[in-house]
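Here is a short briefing on one protein model. Look at the chain first, then follow the points below.

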Amino acid sequence: MSARLRDLYETVCQDEGRPLGEFIDRLLGGEWGGFPKDDVLELLRELEARVLSNIQIKATEGPWYAQAADAVAERTQEEFAELAARVERASGGG
């Protein structure tokens with residue numbers, strides 16, 4: 001994945017606090033030029049893995065978190081699947 005794509009994500013989502021879905025929409029709209037579909041999907045996979053890991057860590061912090069972990073993880077996986085599907089559709093992949 002390109003360092004430029006990672007830097008854009010960090011600037012827009014982490015520094016500016018914009019939602020990931022908005023970032024993907026802007027990215028697919030060509031706001032920052034083109035990026036290979038595989039790079040965008042790789043970024044999404046890395047982010048999903050990081051979020052799911054954080055959910056599991058949080059689950060160890062108490063019973064309420066542990067009870068909610070599976071539902072939150074499932075919702076997270078669905079959200080990332082939808083983002084990946086948007087990337088695929090934008091590239092003509094379905």
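This is a predicted model: local features need pLDDT of at least 70, side-chain atom pairs count only at pLDDT 80 or more; totals for chains, interfaces and linings use all residues.

The protein has 4 helices and 0 strands.

**Overall layout**
- Along the sequence, the pattern reads α-α-α-α.
- The C-alpha atoms fill a box of roughly 45 × 30 × 20 Å along the principal axes.
- The protein has 94 residues, and 30% of them count as buried.
- Take the contacts between residues at least 6 apart in sequence: 59% of these join residues at least 24 apart.

**H1 against H3**
- H1 passes H3 in a right-handed crossing.
- From H1, the residues in this contact are Leu-5, Arg-6, Tyr-9 and Gln-14.
- From H3, they are Asp-39, Val-40, Leu-43, Glu-46, Leu-47 and Arg-50.
- Sorted by class, the contact of H1 with H3 has 5 nonpolar, 1 polar and 4 charged residues.

**H3 against H4**
- The axes of H3 and H4 come within 9 Å and cross at roughly 175 degrees.
- H3 is therefore roughly antiparallel to H4, since angles over 145 degrees count that way.
- On the H3 side, the contact includes Lys-37, Val-40, Leu-44, Leu-47, Val-51 and Ile-55.
- On the H4 side, it includes Tyr-65, Ala-69, Val-72, Thr-76, Phe-80 and Val-87.
- By class, the contact of H3 with H4 has 17 nonpolar, 3 polar and 4 charged residues.

**H2 against H4**
- H2 and H4 pack at an angle of about 5 degrees, and their axes are 11 Å apart.
- H2 and H4 are therefore roughly parallel to each other, because angles under 35 degrees count as such.
- H2 brings Leu-20, Gly-21, Ile-24, Asp-25 and Leu-28 to the contact.
- H4 brings Phe-80, Leu-83, Arg-86, Val-87 and Ala-90.
- The contact of H2 with H4 divides into 7 nonpolar, 1 polar and 2 charged residues.

**Nonpolar cores**
- The largest nonpolar core has 19 residues.
- Those with the most contacts inside this core are Leu-20, Phe-23, Ile-24, Leu-27 and Leu-44.
- Helices H1 (3-15), H2 (20-28), H3 (37-59) and H4 (63-90) each give two or more residues to this core.
- Apart from this core lies another one, of 5 residues, among them Leu-52, Ile-55, Ala-59 and Ala-69.
- Beyond residues up to four places away in sequence, Leu-27 touches Leu-5, Trp-32, Gly-33, Phe-35 and Val-40.

- Thr-76 lies in helix H4.
- Is Thr-76 buried or exposed? Thr-76 counts as buried, because its relative accessibility is 9% and the cut-off for buried is under 20%.
- Leaving out residues up to four places away in sequence, Thr-76 touches Val-51, Leu-52 and Ile-55.
- Arg-45 lies in helix H3.
- Arg-45 is exposed, because its relative accessible area is 51% and exposed means over 50%.
- Arg-45 and Gln-77 are 32 residues apart along the chain, and their C-alpha atoms are separated by 10 Å.

Definitions and conventions:
Residues are numbered from 1 along each chain as its sequence is written. Side-chain values use heavy atoms; hydrogens and water are left out. A nonpolar core is a set of buried Ala, Val, Leu, Ile, Met, Phe, Trp, Tyr and Cys residues joined through side-chain atoms within 4.5 Å. Buried means under 20% relative accessible area, exposed over 50%, partly exposed in between (1.4 Å probe, protein chains only). Contact means heavy atoms within 4.5 Å. A crossing is left-handed if the near helix is turned anticlockwise from the far one by less than a right angle, and right-handed if clockwise. Ala, Val, Leu, Ile, Met, Phe, Trp, Tyr, Cys and Pro count as nonpolar, Asp, Glu, Lys and Arg as charged, and the others, Gly among them, as polar. Axes are lines fitted to C-alpha atoms, for helices over the stretch in contact, and angles run from 0 to 180 degrees between N-to-C directions. Angles under 35 degrees count as roughly parallel, over 145 as roughly antiparallel, 65 to 115 as roughly perpendicular and the rest as oblique.
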